[in-house]
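Dear colleague,

I am handing over the structure we spoke about, and below it I have set out what was found in it. Please read the notes with the structure open beside you.

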Amino acid sequence: MSTATRTDAPTGTDHPADNHDLIRVHGARVNNLKDVSVELPKRRLTVFTGVSGSGKSSLVFHTIAAESQRLINETYSAFVQGFMPNLGRPDVDVLDGLTTAIIVDQQRMGADPRSTVGTATDANAMLRILFSRLGTPHIGSAQAFSFNVASISGAGAVTIEKAGQKVKERREFSITGGMCPRCEGRGSVNDINLAALYDETKSLNESAVMIPGYSMDGWYGRIFRGCGFFDPDKPIAKYTKRELNDLLYKEPTKIKVEGINLTFSGLIPSIQKSYLSKDIDALQPHIRAFVERVATFTTCPECDGTRLSEAARSSTIKGISIADACRMQISDLAAWVRDLDEPSVAPLLTTLRHTLDSFVDIGLGYLSLERPSGTLSGGEAQRTKMIRHLGSSLTDVTYVFDEPTVGLHPHDIARMNDLLRQLRDKGNTVLVVEHKPEAIAIADHVVDIGPGAGSGGGEIVFEGTVEGLRASATLTGRHLDDRATLKDSVRTATGAIEIRGADTHNLQGVDVDIPTGVLVVVTGVAGSGKSSLIHGSVAGRDGVVAIDQGAIRGSRRSNPATYTGLLEPIRKAFAKVNGVKLALFSANSEGACPNCNGNGVIYTDLAMMAGVATRCEVCEGKRFDSAVLDYHLGGKDISEVLAMPVAEAAEFFAAGEGKVPAAHKILRRLDDVGLGYLTIGQPLTTLSGGERQRLKLATHMGEKGGVYILDEPTTGLHLADVEQLLGLLDRLVDDGKSVIVIEHHQAVMAHADWIVDLGPGAGHDGGRIVFEGTPAELVADRSTLTAQHLADYVGA
């Protein structure tokens with residue numbers, strides 16, 4: 001059992017109720033936790049530290065917060081629980097002293113194209129009510145200003161019963177919505193490239209349709225052959241106007257094929273519904289490639305991207321329409337709302353002012369309410385979720401934060417620290433998973449988990465004060481005061497990427513030359529225009545590999561081997577050596593255990609109760625059919641290979657009977673980014689945020705390109721891992737690559753060959769280049785916020 005001595009346990013008082021001032025966890029075994037026991041003080045700020053993958057999230061989110069939420073859900077009736085997510089009890093012996101947990105994590109906000117910052121925070125709902133009451137001319141209720149409600153009307157005869165007799169009456173109805181009829185409230189319209197939909201020289205039976213999933217061998221083949229609207233053996237080029245119109249545009253129509261009721265829909269309505277109505281970034285890679293090939297998205301000409309109907313845009317308050325209000329920078333909108341003085345809507349204005357001021361207080365005043373929520377970074381999404389809790393009257397609540405300083409400039413971290421202290425000082429328990437020393441420094445209590453990552457972690461290695469951590473011999477304690485130094489000499493650029501007149505988002509006609517052949521760091525406060533400049537003006541060029549902060553998508557069947565493409569050369573090697581089919585060595589194909597379908601576990605659904613997963617008794621969790629495990633490569637079967645850590649697998653595939661150069665190359669990249677401890681068959685769903693970021697980095701390092709763009713690669717990285725990342729960046733540059741890093745971490749800035757600093761502020765106060773030069777020149781300059789913080793960091 002892993003335990004640690006408490007140095008600051010609160011003392012009890014006379015009243016029995018005052019003795020419950022600890023959250024007690026005993027015998028936690030979730031994921032890699034090794035029978036962990038810990039006692040956390042309530043109404044204090046506790047920071048959890050440790051290398052990425054050590055078990056911080058397993059303890060905080062998957063044990064403490066998960067059990068709190070499960071217990072709250074159990075207070076509802078079985079009927080209500082049926083509509084709620086099923087949460088199983090964490091694998092822990094004792095969890096005592098829990099309070100209501102509010103989780104503020106870094107999960108990206110919904111990628112629904114209709115979701116905006118305004119709709120996600122209810123600011124839009126309040127604005128709609130405001131305009132429906134005060135807007136002139138008056139056009140209707142609040143839904144008349146909603147881009148999610150269409151205007152519809154109708155009339156007809158209805159039969160009603162009066163005094164025992166049925167009477168027919170004519171009734172009319174109408175709903176006034178604010179949706180733009182042209183773009184249906186999306187703000188953009190698409191033009192379809194028909195040549196990417198089908199090959200007109202072929203017939204349908206010759207697989208003319210080139211839409212992913214529209215195979216003529218399955219249900220679509222049955223529908224197209226049996227619909228009767230056209231001849232599936234005739235080339236599409238020879239279709240009549242009527243046949244082509246039916247193929248492309250026919251609205252959903254009920255048909256009967258071989259006695260089965262089916263629905264036929266034209267190709268364009270089908271892809272509009274299934275692919276084009278979704279956020280492109282949420283689609284699978286091959287679907288996204290198809291959408292980019294087949295559709296061109298442009299701003300809606302009727303509503304100019306506001307998503308609103310002409311009537312909704314015509315109603316104004318003091319000359320400002322709701323479209324203008326949503327387009328404003330939130331800090332400006334807050335000032336406009338403060339100037340409104342109307343007693344009839346005073347409670348509404350008070351709440352709206354508080355919400356908008358919270359955006360500014362939390363450092364998001366540079367956003368606008370019309371910004372699609374799916375475009376927010378992980379840090380921005382987390383701070384947007386925090387807005388609901390600022391100023392809340394609730395106390396004795398447990399707030400759980402996942403790296404709240406992600407995406408924040410050092411200048412903004414002090415503001416975030418103040419917000420965390422405010423939540424604590426109101427009598428709340430604040431639990432924070434964090435790597436930044438500036439955020440660790442404000443902790444009342446620190447829990448350090450380690451000593452390593454994965455199977456090498458999962459233990460409490462220190463528990464106590466920040467001073468105690470600093471004096472301890474743990475990895476975090478040793479690196480807490482690490483400070484990078486400015487390089488003695490910087491590399492000389494081999495050329496430059498020219499950017500002229502960049503005006504994406506808040507950029508104000510920026511002209512800049514990004515040096516090539518060196519390590520360039522682009523910095524500036526959050527919202528200053530860093531991502532707009534690099535992703536908007538550099539990322540789309542030939543030979544540029546952009547690694548953004550987008551989440552890795554994968555089911556429990558996905559693992560590092562499938563995600564990186566590592567499994568393919570391994571399967572080929574197994575098939576070649578044993579002289580059998582490739583498909584046998586996939587747990588998602590012919591090689592799957594027939595009992596568990598390659599899952600390794602059997603899932604039992606228990607309705608409103610948490611489902612139960614039990615290890616498959618046939619394959620014993622190995623996921624493969626027993627016959628497949630008789631085939632070996634280098635003395636190991638496929639399940640044994642997938643159970644290897646990256647470092648061990650790299651040695652196995654480097655030489656001898658198991659030599660597979662293609663697999664060894666991928667494994668070396670995984671080892672280079674610090675994932676040597678990760679099991680190659682471990683489900684992606686069990687990886688931490690930092691591990692996923694580095695997995696994505698390792699995957700993209702294999703792409704052919706001369707310029708690499710990395711967007712905040714230190715996200716989720718422990719202080720000890722930052723040094724390894726800097727070594728990796730140096731190797732990329734020494735190999736002849738140009739590396740551009742968007743980053744706030746001072747260690748990365750100090751290590752750069754060239755710095756481009758944007759600012760001076762955020763939103764319309766930023767978007768300009770405020771400094772270009774070497775780190776030493778920036779420190780000597782001290783004219784920008786970045787310069788001041790970097791100078792303090794290096795002790796200049």
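In what follows, two elements are said to be in contact when they have heavy atoms within 4.5 Å of each other. Please keep in mind throughout that this is a predicted model.

I begin with a pair of helices. In the contact between helix α6 and helix α7, L247, L248 and Y249 of α6 meet L267, I268 and P269 of α7. The residues of this contact divide into six nonpolar, no polar and no charged. Helix α6 covers residues 241-249 and helix α7 residues 267-276, and the two pack at an angle of about 10°, with their axes 4 Å apart. Since angles under 35 degrees count as roughly parallel, α6 and α7 are therefore roughly parallel to each other.

Three strands form an open sheet in the order β2-β1-β4, and their pairing is antiparallel. The edge strands, each of which pairs on one side only, are β2 (36-41) and β4 (94-96). On average, neighbouring strands of this sheet are turned by 10° against each other, with direction ignored. Strand β1, which spans residues 22-28, runs antiparallel to β2 and is joined to it by five bridges; L22, for its part, has P41 in β2 as its bridge partner.

Terms used. Residues numbered from 1 in each chain as written. Predicted model: local features only at pLDDT ≥ 70, side-chain atom pairs only at ≥ 80, totals over all residues. Heavy atoms only, no water. Axes fitted to C-alpha atoms, helices over the stretch in contact; angles between N-to-C directions. Parallel < 35°, antiparallel > 145°, perpendicular 65-115°, else oblique. Nonpolar A, V, L, I, M, F, W, Y, C, P; charged D, E, K, R; others polar. Pairing = 2+ DSSP bridges.
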